[in-house]
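Good morning, everyone. Please bring the sequence and the model up on your screens, and I will talk through the sheet and then the cores.

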Amino acid sequence: MSVLIKPKPISPPAKSARPFVSIHVPCHNEPLSVVEKTLTSLSQLKYTNYEVLVIDNNTYDPAIWKPIEQYCKKLGPPFRFLHFENLKGYKAGALNAALPHMNPRTEIISIVDSDYVVDEKMLQQSIPHFSDPHVAIVQYPQAYYNSSPKTAGLEQEYRSFFDNILEQANSWNAVTATGTLSLLRASLFLTDESLKWNEWCITEDAEISIHLYSKGYKGVFINQLIGRGLMPFNYYSLQRQRERWVHGNAQIIRKDLWPTIKNEHLTWKQKLSFITQLTAWFHPTLFPTIFLTLSLILASYGTITPFITLIAGLSLLTITGFIVAKVLYFSLGQRRRGIASIISVLKTTLSHFGLTGTMSLVWLWTLTSPQLPFHRTTKDPTEKVAPYLPVDGMLATFFVLGSIAACLLTSGAIQMIALGSAAVAIFFVLAMWFLIWETRSTKQVVYSLTLPAGSLK
């Protein structure tokens, strides 16, 4: 539905006063080479009334965090380094810990991840939107500076959330913060004791946004590149990032879905938009894949009944329908931006389905076990990331073997279903390997690329 909603034009507001902005940069075990780029870009902002709080949480090796502290001192008084140990709540805990250290004059909080290089006009362009006293959130799209032509499919897949889903949210007054390049009204944190970054949730940005809307505030999405960060350097890092997004949003659904649906202060469009945003990275393919494969295995052993054939057929139809829906989603979304390339849609689709198992399993897992391990996305291409959840490879292997066995050992209607199943299974395997190849390509440009101030277009 999001690709059918006409984007809402955002008129630049008139120039406003220059409120004091506290920029929060949370980091954990981050290399100086990455954080240095972020802080350098923040030091070049064409804005004078701001501070930067670098919030280092639970980095226990002084050899990692001390150089960042020294670099903050080198940049001068607007930059302050805060180091915390034994801090609970992950990123939310770090953001909460920073609140008492803000300059008392702070009116706007800006969240910038430690790997993001921002445009020098970031605050100049975003602050005027807060001249509307009801605006509590201003959000910009995320983008990546270590992308290359080889990673175009993955970058388009990331971008689809902002170009389609957040554009819809903008039209329906339901924009949520997405963790970085987010600006929020600081007074709400200082005057409302019930408002904080909830540490039980690892997508604390989306969670707090829904509460702000329930209090009568609104958000604005500006679909303009204002900063670029680092795309994960390998398949397992991407898997952990996507696992975290799915897990955090499932946490919100588990705790806040029913109160949100019952909330009389929210319109039905807002409620629907919040659900769309929270389920953007969910896949409903795990159970149909399991049912289909088990049905085909039973059929391979001679147990062919009308019920098994029906289950297999409906399961294949569900999986195929979801793939077709996503192809249309990416195709319509890209055509709206003037991209009419079938190859681009194919690459984007393969990138999206390369983590089918993770996006199918984690949300179900979270509904029964609300606390899963938090895994940061590494910012160091040399850091080894071990497989954490090999469900994608396991599911694809299980699917392929079951389908091929049924193709060889059955006949009639069940064999036709098995042929369709084999085609879908091969598609999932190709998607996984394509995504592995793509993420390996992100390493090729990260060392040489530099972004001088004002270069983001």
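Strands here are DSSP runs of E of at least two residues and helices are runs of H or I of at least four residues, both numbered from the N terminus, and two strands pair if DSSP finds at least two bridges between them. This is a predicted model, in which local features need pLDDT of at least 70 and side-chain atom pairs count only at pLDDT 80 or more, whereas totals for chains, interfaces and linings use all residues. Residues are numbered from 1 along each chain as its sequence is written, and side-chain values use heavy atoms, with hydrogens and water left out.

Seven strands form an open sheet in the order 3-2-1-4-7-6-8, with mixed pairing. Its edges are strand 3 (79–84) and strand 8 (218–221), each of which pairs on one side only. Strand 4 (residues 106–111) and strand 7 (residues 182–185) run antiparallel and are joined by four bridges; I109 has L184 in strand 7 as its bridge partner.

Turning to packing, where contact means heavy atoms within 4.5 Å, helix 7 (residues 204–214) packs on the sheet and touches strand 6 (135–139), strand 7 and strand 8.

Which residues have the most contacts inside the largest nonpolar core? They are I23, L39, L42, V52, M122 and L123, in a core of 95 residues, a nonpolar core being a set of buried Ala, Val, Leu, Ile, Met, Phe, Trp, Tyr and Cys residues joined through side-chain atoms within 4.5 Å, and buried meaning under 20% relative accessible area with a 1.4 Å probe, protein chains only. Apart from this core lies another, of 24 residues, including L350 and I417.

Conventions. Axes fitted to C-alpha atoms, helices over the stretch in contact; angles between N-to-C directions. Buried < 20%, exposed > 50% of the residue type's maximum accessible area, 1.4 Å probe, protein only.
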